[in-house]
Amino acid sequence: METLSNLAMGFGVALTPFTLFLAFCGCFLGTIIGALPGLGPSNGVAILIPLAFALGLDATQALVLLTSVYYGTMYGGRISSILLNIPGDEPAMMTTLDGFPMAKQGRAGDALVISGVASFVGSFLSTVGLVVVAPILASIAYLFGPAEYFALYLLAFATLGGMTSSNQAKSAFAACLGLGLAMVGLDNAGLPRFTGGNLHLMDGIDFLVAIVGLFAIAEIFIFIESHGKNSAIGVTIGKLTIPWADLKASSGTMLRGTGLGFIAGVLPGAGASLGSFMAYMAEKSWVGSKGRFGKGDPRGVAAPEAGNNAAAGGAMVPMLTLGVPGSGTTAVMLALLMTLNITPGPLLFKEQPEIVWGLIASLFIANIVLLIMNVPLVKIFVKVLMVPPWVLMPMVTMVSFVGIFSLSGSYFDMLLMIAFGALGYILRKLDVPTVPVILGILLGNAMEDSLRRAMVISDGDWTYLFSTPIAVGLWLFAAGGFLAPMFLRKIVKRPPIPSGDLPLDAD
Amino acid sequence: MASDRIFGLVVVIGALAYFAGALSIQTSFLSDPLGPRAFPIGIAVASLLCGLTILARPDAEPDWPGRPAWLSMGVALAVLVAYAYSVVPFGFLVPTAIASAAIGYLIEPKAAQSAVMGVTLSVILFVLFKYGLGLGLFAFPRSLMG
């Protein structure tokens, strides 16, 4: 009951005309960003954060705008998967497997409607799940001391690396790189570290600069390398009708996909890509040889879309309750919260309930708005896909520059952003995941802080780190999460995915 | 193979440099048991292990682009750096138009099309940022604007 009254309060915060307007804009922008190949949830939200500040929005409004964008990108990713066989973002990869065959059979409209509804089911139910699970997890998180938090951060890095890369050493290095960069600047005792005497570096490296550089600027180099071959020209869809029979036939699929996706989202480090992958593979084996998976089965569109949207909601759970993001995009959302001076964690639920519940209410609102936009109005977004890359990428570049420039007004941050862009390109070529770098920069100082506080409490006794059952459990999960993929990778093979230029965005 | 060997070597050298950097951090008397050096040293050691692992077990050679693509990306990098230096002294419109046109041209080499796009984009974004979002941008060099 308490949950319901909290939710009612949240709707009170989120249902003002202006926030509704923001939610509407965010959903619209988000769907476009998701649909455009090359722009996905992480870089889409990243380049919009500085602009949200430039608008002078308060915390709730900024959150409403950017969560709408986040959910919108999850809906939008499917559009180019279905029409072009190019995933608009990484989580939408699995949707190409059956979505594009459906489009080739002249059923593009049906595929868009089914996937739109599946997206809605997935994200709506996972937001309900968030409402139920988050307060429980927040009450457990109360028991966490510095030792547990240190182990939790370690768990986040171990699992994130394990899931996102095919080479553990490289993903571990990515985390180290991020952590190492986080150390630049004054430490919590006010001593400068790794600044080389450069005054610009005293405040540390702004994580927004790193995020925009690694995600958006790096994408520009990728596009220049490929000359934007994967552009969309001449896509048409016929009259939209609602395929009730297919929707009915795939309702079970959507529910199963939602369940799996939500679990994948809650697990630290897994994220939406794994959610859609698991949902698709599970559905394929559930249906067995009766299905026509890979040849245009509507269930093959419904499952991954329900899965990735449910994971998007699930990933909010650890981010809000523990301050540890479960995916690349939630890492960007965490960056947003930190810039707004909001520290996610159990205390947030107690001290600033209006922010948490306002955010959750705005997720519900965003879902309804997105369903309306993405089913009857999907043709508008199909038109947007026609924007050629030689217009899109300069636009992304300039929006990134202006956004970063508006943060600090210094050319130094812009140069740093370009450096991160070049770094991001090289890392991507070498198959080093960039999400752990971001996570390292975001969490580095908090991680060091928890370790130092743990050592203060125990007066330098290292065994304190393993002194509670929760801490030991987290250490075991971290070790398991890091080691398991090495063995699982040999057993589970990814299904063939469309070759071509996949977006940089690791969900 | 070769790329990963070089990459691993760079990581190892970087980790050693970071280690040396961590050792030279000033400490104060009023420090906690761990102090400001321990965590960076831990990061350096972990990176060193990663670098050695990458050296020992390199992945297959990545699909590097050819010489023309490297040249294009180098030009793009130079354009972006020049843009970062010039947007404040020269105002928003001109550097943005040139940089946008250059990036567009590098993606699809059609000069006229890129030039038109650059100018149009620059004007649209200026209006959007200045009057839509209220950012304090200057259209032209401040010295010319008086």
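Biologist: Which residues touch the most other members of the largest nonpolar core?

Modeller: In this predicted model, the largest nonpolar core holds 216 residues, and A:L66, A:I211 and A:V212 are those that touch the most other members. From each of domain 1 (2–56) and domain 2 (67–145) of chain B, this core draws at least three residues.

Biologist: What does A:L66 touch, leaving aside residues up to four places away in sequence?

Modeller: Contact requires C-beta atoms within 7 Å. A:L66 has such contacts with A:G26, A:V45, A:L48, A:I49, A:A52, A:M333 and A:L336.

Biologist: What makes chain A agree with a compact globule?

Modeller: The globule rule is 2.2 Å times the number of residues to the power 0.38. For 507 residues a compact globule would have a radius of gyration near 23 Å, and chain A has 22 Å, so the two agree. The C-alpha trace of chain A spans about 70 × 50 × 50 Å along its principal axes. Of the 507 residues in chain A, 63% are buried. Among contacts in chain A with a separation of 6 or more, 81% are between residues 24 or more positions apart. The secondary structure of this chain consists of 22 helices and two strands.

Biologist: Why is chain B called more spread out than a compact globule?

Modeller: Chain B has six helices and zero strands. Its radius of gyration is 24 Å, whereas the globule rule gives 15 Å for 146 residues; the value is well over the rule, and chain B is therefore more spread out than a compact globule. Along the principal axes, the C-alpha atoms of chain B fill a box of roughly 55 × 50 × 25 Å. Chain B is divided into domain 1 (2–56) and domain 2 (67–145), and the C-alpha centres of these two domains lie 39 Å apart. Buried residues account for 31% of the 146 residues in chain B.

Biologist: Why is helix α5 of chain A called largely enclosed by the rest of the structure?

Modeller: A residue is buried if 20 or more other C-beta atoms lie within 10 Å of its own. Nine of the 10 residues of helix α5 (residues 95–104) of chain A are buried, so this helix is largely enclosed by the rest of the structure. The buried residues of α5(A) include A:L97, A:D98, A:F100 and A:M102. Just after α5(A), A:G106 takes a positive phi of about 80°.

Biologist: Is A:M373 buried or exposed, and how do you know that?

Modeller: A:M373 has 21 other C-beta atoms within 10 Å, and the cut-off for a buried residue is 20 or more; A:M373 is therefore buried. This residue is placed in helix α17 (residues 353–374) of chain A. Not counting residues up to four places away in sequence, A:M373 touches A:C27, A:F28 and A:T31.

Biologist: Are A:N341 and A:D459 buried or exposed?

Modeller: A residue counts as exposed at 12 or fewer C-beta neighbours. A:N341 has 7 inside 10 Å and therefore counts as exposed. A:D459 has 9 inside 10 Å and likewise counts as exposed. A:N341 is found in the loop between α15 (328–339) and α16 (346–351) of chain A, and A:D459 lies in the loop between α21 (435–458) and α22 (469–491) of chain A.

Biologist: What is the phi of A:N341 and of A:D459?

Modeller: Most residues other than glycine have a negative phi. A:N341, which is not a glycine, has a positive phi near 65°. A:D459, also not a glycine, has a positive phi of about 60°.

Biologist: Where in chain A is confidence lowest and where is it highest among the elements?

Modeller: Helix α18 (residues 378–384) of chain A is lowest, at a mean of 79, and helix α20 (residues 411–429) of chain A is highest, at 92. Over residues 495–507 of chain A the pLDDT is below 50, and this stretch has 46 contacts in the model beyond near neighbours in sequence. For chain A the mean pLDDT is 82, and 91% of its residues reach 70 or more.

Conventions:
Residues numbered from 1 in each chain as written. Chains lettered and ligands numbered in written order. Predicted model: local features only at pLDDT ≥ 70, side-chain atom pairs only at ≥ 80, totals over all residues. Domains from an automatic or database assignment. Core = buried A, V, L, I, M, F, W, Y, C linked by C-beta atoms within 7 Å. Contact = placed C-beta atoms within 7 Å. pLDDT = per-residue confidence, 0-100. Helix = DSSP H or I, 4+ residues; strand = E, 2+ residues; numbered from the N terminus.
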